[in-house]
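Subject: Structure handover and what was found in it

Dear colleague,

I am handing over the structure below, and after it you will find an account of what came out of going through it. Please read the text with the structure open beside you.

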Amino acid sequence: MSAETTGSRDFRYWRLRFRAWRGGRPFWAGLFTIAGGVPIMYFPYANMHLGNVTLAMSTTAGAGSLIIGVLLVTLGLTMWFHSVVRTFAGIAAILLALISIPIANIGGFVVGFLLSLFGGALACAWVPAKPRRGDKVEQVENTPDPGTAATETTVDANGGRNSAG
């Protein structure tokens, strides 16, 4: 550390770190899926007050709503921290959102259904960015590209044509 640095990390540093972390995963898909799971699991257990009238939403479907909501929150966190399974998590989020319509008070009064459906669709559509031209890509010296299948047995393959014919 030089004499000019204070040793503390400023807001700009943490903002740039968060931006880099967010860019390598389906962040918005996970956020929408989590935001969709919260109303689905909250509304069946909430007591809403309309003036002097208390409206209790607790039904027999409360356990199903809680399970669907917790699974949607878990799938959203999975999209963030284990982005390799983003397609599975996206399809599972879409299916759970569809199941929440008859089970969880019309999908958390349609709000949770739409947020979860949109989050699942974003997760299925998200693809990691390709490295830019200036970025260095690590590759082991003796390892061939994954797209090439040239080995010692296929060197004389004549461009993929066989000689039988």
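Setting aside the neighbours within four places in sequence, Ser83 is in contact with Gly24, Arg25, Pro26 and Thr78. Please bear in mind, for this and for everything that follows, that the model is a predicted one. Ser83 sits in the loop between α3 and α4, and because its relative accessibility is 18%, which is under 20%, Ser83 counts as buried.

As for the overall layout, the secondary structure of the protein comes to six helices and two strands, and from the N terminus on these elements follow the order α-α-β-β-α-α-α-α. Of the 165 residues in the protein, 27% are buried, while the protein exposes about 12000 Å², of which carbon and sulfur atoms supply 63%.

Helix α2 deserves a paragraph to itself. This helix covers residues 27-42, and its 16 residues should span 22 Å at 1.5 Å a residue; the C-alpha atoms at its ends are 23 Å apart, which agrees with that expectation. Which residues of α2 are buried? They are Phe27, Ala29, Gly30, Thr33, Ile34, Gly36, Gly37, Pro39 and Ile40. The buried residues of α2 pack against α1 (11-23), α3 (62-81), α4 (86-103), α5 (105-109) and α6 (111-125).

The aromatic residues come next. A search of the whole structure finds twelve aromatic pairs. One of them joins Trp21 and Phe27 in an edge-to-face arrangement, with 6.1 Å from centre to centre and 75° between the planes. Of these two residues, Trp21 is partly exposed, because its relative accessible area is 26%, whereas Phe27 is buried, with a relative accessible area of 10%. Trp21 also forms an edge-to-face aromatic pair with Trp80, in which the centres are 6.2 Å apart and the planes stand at 75°. This pair of Trp21 and Trp80 links distant parts of the chain, since Trp21 belongs to helix α1 and Trp80 to helix α3, 59 residues apart. Trp80 counts as buried, because its relative accessibility is 14%. Ring pairs link Phe18, Trp21, Phe27, Trp28, Trp80 and Phe81 into a cluster.

On the surface, Ile91, Leu95, Leu98, Ile101, Ile106, Val110 and Leu114 form a nonpolar patch, and together they have about 600 Å² of accessible area. Which helix gives the most to the nonpolar patch? That is α4, which contributes four residues. Another member of the patch, Val110, lies in the loop between α5 and α6, and with a relative accessible area of 36%, Val110 is partly exposed.

Helix α4 also holds Phe88. Is Phe88 buried or exposed? With a relative accessible area of 60%, which is over 50%, Phe88 is exposed. Phe88 and Gly120 are 32 residues apart in sequence, and the distance between them in space is 9.3 Å, C-alpha to C-alpha.

Most residues other than glycine have a negative phi. Asn105, although it is not a glycine, has a positive phi of about 50°, and Ile106, also a residue other than glycine, has a positive phi near 55°. Asn105 lies in helix α5, and the place of Ile106 is in helix α5 as well. Asn105 counts as buried, because its relative accessibility is 16%, while Ile106 is one of the residues that form the nonpolar patch on the surface.

With best wishes

Note on methods: Residues are numbered from 1 along each chain as its sequence is written. This is a predicted model: local features need pLDDT of at least 70, side-chain atom pairs count only at pLDDT 80 or more; totals for chains, interfaces and linings use all residues. Side-chain values use heavy atoms; hydrogens and water are left out. The expected span of a helix is 1.5 Å times one less than its number of residues. Buried means under 20% relative accessible area, exposed over 50%, partly exposed in between (1.4 Å probe, protein chains only). Contact means heavy atoms within 4.5 Å. Patches are made of residues with over 30% relative accessible area and no salt bridge: like charges are joined within 9 Å, nonpolar side chains (Val, Leu, Ile, Met, Phe, Trp, Tyr) within 5 Å. Accessible areas come from the Shrake-Rupley method with a 1.4 Å probe; for residues, only the protein chains shown count as cover. A salt bridge is a side-chain nitrogen of Lys or Arg within 4 Å of a carboxyl oxygen of Asp or Glu. Rings of Phe, Tyr and Trp (its six-membered ring) pair if their centres lie within 6.5 Å; planes under 30 degrees apart count as stacked, over 60 as edge-to-face and the rest as tilted.
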